[in-house]
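Dear colleague,

I am passing on the structure we spoke about, so that you can look at it alongside these notes. Please open it first and then read on.

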Amino acid sequence: MLLKTLTILVALIALAVPIAASLGWLGLTLQYLESPMPLHRALGDMVWQTGTDFLLVAIPMFVLLGEILLRAGITERMYDGMVKWLGWLPGGLMHSNIGSSALFAATSGSSVATAATIGTIAVPQIAERKYSEPLFLGTIAAGGTLGILIPPSINLILYGLLTDTSVPELYLAGFLPGLLLAILFMVTIVVLCILRPEWGGTAIVATWKERLAALPALIPPIGIFLVVVGSIYAGIATPTEAASLGVVAAMILAAFNRKLTIDMLRVAVEGTMRTTAMIMLIILAAVFLNFVLSVIGLTQALADFITGLGYTPFQTMLVIVAVLVVLGCFMETLSMLLTTAPLVTPIVIALGYDPVWFGILLMVLLETALITPPIGINLYVVQGIRERGEMLDVMKGAAPFVVTMFAMIAFLLAFPQIALWLPSLVY
Amino acid sequence: MDRILHTARKTSQILAWVGGTLIILSALLVTLEVVLRKLFNISLGGADEVSGYAFGIATSLALAYALFERAHIRVDALYNLFPFSLKIAASLIGLFLLIGFGAVIAWMGWGLVVDTLTHGSRSITPLRTPLAIPQIPWILGWFFFVLCGVILFTAALKALLAGNATKTDQLIGMKSIDEQIEEEMK
């Protein structure tokens with residue numbers, strides 16, 4: 001049964017069948033082959049219940065929030081502001097790449113949009129300020145991955161939904177690791193630029209006057225981020241309510257910048273609905289598959305099989321991490337999250353690990369997947385914006401950050417408290 | 001055929017705008033609810049329920065738009081290595097399976113709506129919403145998705161049989177990263 005399931009799944013995905021259809025047809029096939037009851041009868045009700053779940057309303061809200069910030073030019077101005085504040089560090093602009101990506105990716109549903117926006121503003125600076133081209137490109141690719149972990153992450157909502165884990169708790173757990181990873185990225189840049197000063201380009205020294213002048217571009221997006229995340233942490237609002245507040249705040253901000261036009265909203269809404277429909281169809285299929293897998297006992301069988309191998313929980317965890325790293329080289333993050341979380345999380349829980357902690361670990365693994373060759377979508381996006389040179393440059397430049405991510409995974413394995421300390425204060 | 005395809009595409013875009021408007025309205029409603037609750041201790045009640053319905057309807061209305069925009073994610077690890085003819089075949093099979101799954105959902109969803117209509121079901125919340133009101137536009141979105149899928153599949157197959165495989169690829173092939181970036185930039 002296990003082998004059959006994996007074979008069907010791998011075959012469908014390898015043939016480039018849309019992920020939603022792959023998961024859906026796997027569910028339908030398994031229930032036909034393995035279940036005495038027609039489980040698909042429950043499908044209509046399941047699609048309705050999941051499709052109108054208030055928690056998931058956060059998905060279009062967060063995507064729309066990111067779209068408005070992007071289309072109203074707020075992201076661009078934020079990047080310029082970051083340059084003034086972070087430009088003096090060894091590595092200059094590259095820190096702004098990480099900083100703006102972290103902040104913007106956190107509110108945007110699309111890593112393509114994030115990397116594309118930051119990349120278009122940043123790439124022309126490479127020649128002007130004589131940066132090491134590969135490393136500079138690597139910072140854009142790596143920075144764009146941070147949104148998966150930093151709340152309000154859509155991926156954490158999806159993980160929470162599929163594994164019955166509290167989303168606010170996951171958000172709390174993701175905060176420190178997300179911050180730590182952003183800092184580690186910056187440390188990586190500083191260390192590399194101290195070792196090889198010629199990589200760091202000419203530093204940008206801004207006066208305090210310029211820095212203060214840049215604040216109006218910087219404070220509003222940071223303010224929106226704080227309103228959204230803060231209201232969740234303070235217990236004022238649920239993730240969906242916080243996301244709605246964020247959308248309204250972003251629209252007000254766009255209006256102040258005289259960018260709140262019907263045209264802007266139309267483009268923002270098109271992007272939002274395209275992403276939402278795509279994500280939701282996969283989620284609906286994944287929820288159905290999840291249901292079939294547990295009814296036919298496959299989830300349990302898999303957990304029993306793994307625990308029966310007689311490895312210690314830690315050894316098993318290492319194997320799981322290794323498998324996910326390899327998978328990440330070939331799969332894009334959303335598909336990877338929605339296919340693996342329902343299968344792997346029960347095993348992890350059976351081994352005695354905390355599902356909240358594993359959720360965070362899984363997010364870092366997904367981030368790694370975004371920049372590991374051969375299939376790392378951010379690598380392709382950055383290369384696509386650059387429109388010249390070799391793909392290999394981007395891969396080389398991203399490699400140090402892959403190493404940093406591995407260090408982060410090791411930290412999380414060795415010190416689960418990094419993720420669990422904040423939630424333990426509240427829950 | 002091109003005319004039908006064009007109309008379907010245009011309609012799907014309009015429905016996506018309708019869906020997006022529902023999402024923006026939900027954001028305003030939920031924000032109003034939070035502000036009133038926190039500052040004035042007044043609860044509108046039901047903002048969560050109503051925005052849930054709006055979300056469900058918005059999603060089903062936008063499915064067809066995402067289809068025409070080739071936004072439904074496929075994994076390209078092997079696909080990129082396929083020769084052109086195999087890419088076309090994989091795209092046709094993929095679209096067929098996607099629409100098939102959509103049709104199963106639409107069929108089962110229709111069963112749910114018929115149940116709702118025969119029993120006059122209402123939500124078990126203080127609002128006691130007659131569920132037919134949100135469920136009818138919701139199921140129509142799913143029907144429209146399947147209909148557009150059939151139109152797109154027919155158009156793609158017709159182009160292929162007419163010897164115009166490039167057009168088939170433009171209609172249903174996987175979007176390259178360059179195409180995606182181009183769209184972000186325009």
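At a relative accessibility of 47%, B:Arg128 counts as partly exposed. Please keep in mind throughout that this is a predicted model. B:Arg128 lies in the loop that runs between helix H3 (84-119) and helix H4 (132-161) of chain B, and B:Arg128 has a positive phi of about 50° although it is not a glycine. As background, most residues other than glycine have a negative phi.

A:Asp164 is found in the loop between helix H10 (154-163) and helix H11 (167-195) of chain A, and with a relative accessible area of 76% A:Asp164 is exposed.

Turning to the place where the two chains meet through helices, the axes of helix H14 (residues 262-295) of chain A and helix H1 (residues 2-40) of chain B come within 9 Å and cross at roughly 95°. Because angles of 65 to 115 degrees count as roughly perpendicular, H14(A) and H1(B) are described as roughly perpendicular to each other. On the side of H14(A), the contact is made by A:Leu265, A:Arg266, A:Val269, A:Glu270 and A:Met273, while H1(B) contributes B:Gln13, B:Ala16, B:Trp17, B:Gly19, B:Gly20, B:Ile23 and B:Ile24. The residues of this contact divide into 7 nonpolar, 3 polar and 2 charged.

How values were computed:
Residues numbered from 1 in each chain as written. Chains lettered and ligands numbered in written order. Predicted model: local features only at pLDDT ≥ 70, side-chain atom pairs only at ≥ 80, totals over all residues. Heavy atoms only, no water. Axes fitted to C-alpha atoms, helices over the stretch in contact; angles between N-to-C directions. Helix = DSSP H or I, 4+ residues; strand = E, 2+ residues; numbered from the N terminus. Parallel < 35°, antiparallel > 145°, perpendicular 65-115°, else oblique. Contact = heavy atoms within 4.5 Å. Nonpolar A, V, L, I, M, F, W, Y, C, P; charged D, E, K, R; others polar. Buried < 20%, exposed > 50% of the residue type's maximum accessible area, 1.4 Å probe, protein only.
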